Amino acid sequence: MLYVIKVNYEQLLDRAFAELPSLSAEKSDFQIPLADSLVQGNKTIVKNIDQIADKARRDKSEIAKYLTRELAAPVSLTAHGMEISAKVNANTLNEKIKRFFVAYVICKECGKPDTRMEGRDRGYVNIICEACGARYTVKSY
Ligand SMILES: [Zn+2]
């Protein structure tokens, strides 16, 4: 009798673990990319904007738009990458990019980057997570 109870308990545990979303291991795999940047005169070139945008699963114009606002400087996309019309040191740039990922890319519920933005409206935008189904609204940029 005791044996039967034990087996059932273990089965329950197994089921409980199987139902948990596949967490932490995958979560920690994701790394916010670092900008490969270069100051040229009064401009800053971000050479790997394509990679950053790929990691974020956002159009690079979205990142350009965000940085335009955050850095209060015009940002354009060129054949060489992204060009910021200001001198921006690598630390500042990476801090901004990190904030973009934390606010708009990484799901605040499950920590995965599998999100999309939808329905920008009156200064707000919805973040929808394709991994865990979370849906929340944040201030837009
Ligand atoms: Zn999620």
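Of the 141 residues of the protein, 20% count as buried, a residue being called buried if 20 or more other C-beta atoms lie within 10 Å of its own, exposed if 12 or fewer do, and partly exposed in between, with C-beta atoms placed from the backbone. The model is a predicted one, in which local features need pLDDT of at least 70 and side-chain atom pairs count only at pLDDT 80 or more, while totals for chains, interfaces and linings use all residues. Residues are numbered from 1 along each chain as its sequence is written.

The protein has five helices and seven strands, which are DSSP runs numbered from the N terminus, helices being H or I with at least four residues and strands E with at least two. From the N terminus on, these elements follow the order α-α-β-β-α-α-β-β-α-β-β-β.

Four of the strands form an open sheet in the order 1-2-4-3, with antiparallel pairing; two strands pair if DSSP finds at least two bridges between them. Strand 1 (37–40) and strand 3 (75–78) are the edge strands, each pairing on one side only. Strand 3 is joined by four bridges to strand 4 (residues 81–84), and the two run antiparallel, with Val75 standing opposite Ile84 in strand 4.

Within strand 2 (residues 43–46) lies Ile45, which counts as partly exposed because it has 17 C-beta neighbours inside 10 Å. Leaving aside neighbours within four places in sequence, Ile45 is in contact with Ser37, Leu38, Gln40, His80, Gly81 and Glu83, where contact means that the C-beta atoms, placed from the backbone, lie within 7 Å. Although Ile45 and His80 are 35 residues apart along the chain, their C-alpha atoms are separated by 7.6 Å.

Helix 5 (residues 90–105) can be checked by its length, since at 1.5 Å a residue its 16 residues should span 22 Å, and its end C-alpha atoms are 21 Å apart, which agrees; the expected span is 1.5 Å times one less than the number of residues.

| Class in helix 5 | Residues |
|---|---|
| Buried | Leu93, Ile97, Phe100, Tyr104, Val105 |
| Exposed, on the face turned away from the buried side | Asn91, Glu95, Val102 |

Seen down the axis of helix 5, the buried residues fall within an arc of 75 degrees, so they line one face of the helix, the arc being that of the directions from the helix axis to the C-beta atoms. An α-helix has 3.6 residues a turn, so residues three or four places apart point the same way. The buried residues of helix 5 pack against several elements, including strand 1, helix 3 (49–56) and helix 4 (60–71).

Definitions and conventions. Contact = placed C-beta atoms within 7 Å.
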